[in-house]
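Reader: I am new to this structure. Could you walk me through how to read it?

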Amino acid sequence: MVTAEEIWAALAEIPDPEIPAISLVDLGVVKSVEVDGRRVRIEFTPTFMGCPALERMRVEMTAAVEELGAEAEIEVVLDDSWSSERISAEGREKLRTAGFAPPAPRTTEGVTLVQLERGPFRCPYCGSTDTRLENIFGPTPCRSIRYCSACRQPFEQFKTL
Amino acid sequence: MQERSKADLLLELADDELFLGWRNSEWTGIAPFLEEDVAFSSIAQNEIGHARALYELAARELDTTADALAFDRQPEEYRCAPLVELRRLEWARTIARHWLYETADEIRLAALKASDDPEIAGIASKIDREETYHRLHAEMWVERLLVSEDGRARLNEAVEELWPYALGVLDDELRPELRSRIEGRLGRSLPEVEPVPRGRHEAELAELWQEMTVVRRSAPTGAQW
């Protein structure tokens with residue numbers, strides 16, 4: 001009989017389809033795992049609802065559960081329970097190493113234009129905070145584009161949500 | 001909020017996001033510069049993601065599927081506000097529509113987040129969080145247009161033209177809030193006009209519907225790629 005721990009361990013092996021450096025568990029999109037005999041119920045919280053990788057994530061999670069000889073029931077949670085604060089410390093480090101600046105902490109006032117334009121965002125390559133916002137939007141809904149004036153590199157910044 | 005069934009409410013929200021998503025995607029590849037190609041494409045993708053989630057909730061209420069709700073209805077059956085149907089406009093009007101819609105949507109979502117129905121309140125909170133970035137993008141452009149005389153004139157002209165449409169996005173009781181925000185930002189008053197009501201459609205809707213549903217209609221049992 002499969003245990004919840006085994007399921008969590010299997011999910012922690014699934015790379016994010018868009019940013020393979022980080023796993024679905026690091027990303028914080030697995031809200032809960034419940035095991036009832038052969039049935040495994042997973043609550044899945046999308047990052048951005050326009051994320052093209054959501055379907056892929058569901059398919060991969062289902063396959064991982066089936067590989068352990070159980071049946072998956074993936075429930076998509078449609079509320080704001082995912083936030084960028086749910087990315088694990090390990091996940092943030094993996095993002096940085098892969099060249100993605102991890103999200104800035106979420107403040108009570110939420111995200112403001114002043115914060116995006118003047119905030120101290122750190123370049124994942126050289127560590128300088130002499131960076132500027134190039135575009136609020138990037139290759140996927142969860143990323144912005146910034147430019148580092150110190151090492152003259154554009155880089156991707158995970159959005160604070 | 002005005003009384004309507006849960007399914008009707010979800011369809012109004014979903015149809016607004018679906019059609020606006022399509023209209024925004026019309027800028028992909030031809031926006032004034034590359035950053036805006038990326039921005040409008042990303043916003044479009046996110047709006048369509050919202051539409052999909054809203055259709056999925058509506059489909060549970062109506063015992064059907066999200067795809068059937070998005071693509072199998074006749075053009076006159078859609079519940080979107082005419083503001084989102086207008087075909088790709090020139091840039092100042094595109095920015096004006098974007099700003100008017102996102103502002104109206106913020107007011108509407110604030111009301112929905114207080115809903116007694118946890119599903120409605122939950123999805124409204126989720127959408128609202130993501131829409132923050134759409135609003136920041138719109139605000140950045142409004143700021144940019146308002147600093148020059150030419151930009152200010154174009155934005156004002158566009159807002160005035162779209163104003164009856166913008167009012168039509170919201171229920172009666174939420175309209176004064178939209179007026180006060182837009183007037184406050186522009187530093188002028190806007191005319192008292194009859195809102196263009198939801199459910200009435202522009203000719204452009206039927207054209208867009210033809211394009212949007214062509215694959216679905218040519219392969220009703222599901223297209224194989």
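Reader: How many residues does helix α5 of chain B have, and how far does it reach from its first C-alpha to its last?

Author: First, the ground rules. This is a predicted model, where local features need pLDDT of at least 70, side-chain atom pairs count only at pLDDT 80 or more, and totals for chains, interfaces and linings use all residues. Residues are numbered from 1 along each chain as its sequence is written, while chains are lettered from A and ligands numbered from 1 in the order in which they are written. Helices (H or I, at least four residues) and strands (E, at least two) are DSSP runs, numbered from the N terminus. The expected span of a helix is 1.5 Å times one less than its number of residues. Now the case: α5 of chain B covers residues 118–146, so to speak 29 residues. Its ends lie 40 Å apart, C-alpha to C-alpha, close to the expected 42 Å.

Reader: Where does α5(B) bend?

Author: A bend at a residue is the angle between axes fitted to the seven residues ending there and the seven starting there. In α5(B), the bend is about 35 degrees, at B:E130.

Reader: How many residues of chain B are in contact with chain A?

Author: Two residues are in contact if their C-beta atoms, placed from the backbone, lie within 7 Å. Here 24 residues of chain B meet 19 residues of chain A. Both α2 (34–62) and α5 of chain B supply at least two residues each to that side of chain B.

Reader: What kinds of residue make up that side of chain B?

Author: Ala, Val, Leu, Ile, Met, Phe, Trp, Tyr, Cys and Pro count as nonpolar; Asp, Glu, Lys and Arg as charged; the others, Gly among them, as polar. The side of chain B that touches chain A has ten nonpolar, nine polar and five charged residues.

Reader: Now chain A. What is its secondary structure?

Author: Chain A has five helices and seven strands. From the N terminus on, the order is α-α-β-β-α-β-α-β-α-β-β-β.

Reader: Which domains is chain A divided into?

Author: Domain bounds come from an automatic or database domain assignment. Chain A has domain 1 (4–76) and domain 2 (98–158). Their contact takes seven residues from domain 1 and five residues from domain 2. The centres of the two domains, taken over C-alpha atoms, are 28 Å apart.

Reader: Which residues have the most contacts inside the largest nonpolar core?

Author: Start with burial. A residue is buried if 20 or more other C-beta atoms lie within 10 Å of its own, exposed if 12 or fewer, and partly exposed in between, with C-beta atoms placed from the backbone. A nonpolar core is a set of buried Ala, Val, Leu, Ile, Met, Phe, Trp, Tyr and Cys residues joined through C-beta atoms within 7 Å. The largest one has 94 residues, and those with the most contacts inside it are B:A14, B:L54, B:L83, B:L100, B:L162 and B:A166. Its largest share, eleven residues, comes from α2(B). Domain 1 and domain 2 of chain A both give residues to this core, so it lies between them.

Reader: Why does A:P141 count as buried?

Author: Because A:P141 has 22 C-beta neighbours inside 10 Å. A:P141 lies in the loop between β5 (131–135) and β6 of chain A. Not counting residues up to four places away in sequence, A:P141 touches A:F48, A:G50, A:C51, B:S42, B:Q45 and B:N46.

Reader: Where is A:S144?

Author: A:S144 is in strand β6 (residues 143–148) of chain A. A:S144 and A:F158 are 14 residues apart in sequence and 6.4 Å apart in space, C-alpha to C-alpha.
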